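Trainee: I have a structure open and would like to talk it through. Can you take my questions one at a time?

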Amino acid sequence: MLNRRRSQKRMKAVCINPWKVQQASVRLAHVLVGLLFILAVSLSTKAQEVVERVSVAGSNEQWYAEGKERAGDARVAEFLGRQALWLKNGTQVMRSDLEFVDGTIEFDFAPMTNGNFLGVIFRRVSFGNHENIYLRLHRSGLYNAIQYAPRMNFSPTWQLYPEFNAVADFPRNQWTHVRLEVSTTRMEMYLHNQEKPALVVARLRGVTEKGAVSFWGRVNDKPNEWAVAVSNVSIRPASTSNNAPSARPEPPAGTLTSWELAGPVKTEGAEVTSLPDLKDWRAVATEESGLVNINRALRRTPGRSTAFARTTLPASDARLVLLEIGYSDDVTVFLNGEPVYRGINGFDSRHPEYMGFVKPEFENVYLRLRPGNNDLVLAVTDDQRFGWGFIARLKEKK
């Protein structure tokens, strides 16, 4: 009975001052999210410290993998007439002698017969938090042969960043030269000693500031097959950076940038047809493209998970507006509590090799606004660990 009375008193207090409670939550949101992320990275870093480092065979302890089960996924041996680091099974192999912040990373690589990927990692804090560049060896000559896509909160993010793809040719069983120039928030990638960079990232999106340099390689669905060789690795850290962070561009006109986030909620095998009773709403940042990167705010867990994002759309009178929306992987759009649209945009969901990039210009939803404030809620479900987020832009119906 005593516990029940205390519960009733708490409920009464919330009912009396709901606006104050909500406003207090919003004011504290950015601080709490920042503190929680710092704690998560710290715990992740400490977890890495207790993982046994296994020296790569033939490397004279210059390269290491984490865990005995990964010991056979790399080796140093001759390939195409030179000593090289052989890679397979997606295992991240780290340099053991330095911590990288800014500077130059230079190397040669040679795709083996069936290699699909070479990953280049820097500022690695853990397996789940680092800067990452995909070299898609099987996409040689195509638009996404190279892509920058950091891993954060243990999730890849390549569906969220279609703007960071680039064309490149990767001949098999031949050496290709790569140079990365990293300075504060900027990264440039050069191939074949060319003067023009193959890829430029004006602002790195990762959540780490320093860490290891690492490589990984993979043959899809064939963990025991060697994928790629890396040689002539040169890492030259810079003592100071000459690149001051540039001003961040404003998102395109009409982009919705004021969002609060709640969740995640487990939604195994079910569509989101109604809004749950959510209490833990907190402000979430929007990037210059308009992207709300949910992976930055929430750690991905196995299975289908749904995050809920809400904003308010004011209208002076009843009107029809067009919502341009890009998302990964599924979305249900709620307007004033009612579901008005559902879409699926996961990798391979619409046709074979469908990428599922977050591009709002490709999908439209008409919203009938009523006079006054309209509540817009997006239920965004992550299913495949390739990126969790959305972009929403509003246009008046002409």
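Trainee: How many aromatic pairs does the structure hold?

Mentor: Before counting, note that this is a predicted model, where local features need pLDDT of at least 70, side-chain atom pairs count only at pLDDT 80 or more, and totals for chains, interfaces and linings use all residues. Residues are numbered from 1 along each chain as its sequence is written, and side-chain values use heavy atoms, with hydrogens and water left out. Rings of Phe, Tyr and Trp (its six-membered ring) pair if their centres lie within 6.5 Å; planes under 30 degrees apart are stacked, over 60 edge-to-face, and the rest tilted. On that basis the number of aromatic pairs is 18.

Trainee: What kind of pair do Phe 107 and Phe 215 form?

Mentor: Their centres are 4.9 Å apart. With 75° between the planes, the pair is edge-to-face.

Trainee: How many residues apart in sequence are the parts that this pair ties together?

Mentor: Strands here are DSSP runs (E, at least two residues), numbered from the N terminus. Phe 107 lies in strand 6 (residues 103-111) and Phe 215 in strand 14 (residues 212-218), so the parts tied together are apart in sequence by 108 residues.

Trainee: Are Phe 107 and Phe 215 buried or exposed?

Mentor: Buried means under 20% relative accessible area, exposed over 50%, and partly exposed in between (1.4 Å probe, protein chains only). By that scale, both Phe 107 and Phe 215 are buried.

Trainee: Which residue lies over the face of Trp 63?

Mentor: Trp 63 belongs to a cluster linked by ring pairs, together with Phe 107, Phe 109, Phe 170 and Phe 215. A charge sits over a ring if NZ of Lys or CZ of Arg is within 6 Å of the ring centre and within 35 degrees of the ring normal. At 5.5 Å from the ring centre of Trp 63, the residue is Arg 95.

Trainee: How many bridges join strand 11 to strand 12?

Mentor: These two run antiparallel. Ser 183 stands opposite Arg 186 in strand 12. The bridges between strand 11 and strand 12 number six.

Trainee: What is phi of Thr 184?

Mentor: Thr 184 is in the loop between strand 11 (176-183) and strand 12 (186-191). At 21% relative accessibility, Thr 184 counts as partly exposed. Thr 184 is not a glycine, yet its phi is positive, near 60°.

Trainee: And is Asp 221 buried or exposed?

Mentor: Asp 221 sits in the loop between strand 14 and strand 15 (228-237). Asp 221 also has a positive phi, about 65°, although it is not a glycine. Its relative accessibility is 78%, so Asp 221 counts as exposed.

Trainee: One for the backbone check: what is omega for the peptide bond joining Gly 263 and Pro 264?

Mentor: Pro 264 is found in strand 16 (residues 259-266). The bond joining Gly 263 and Pro 264 is cis, and omega is about 5°.

Notes:
Helix = DSSP H or I, 4+ residues; strand = E, 2+ residues; numbered from the N terminus. Pairing = 2+ DSSP bridges.
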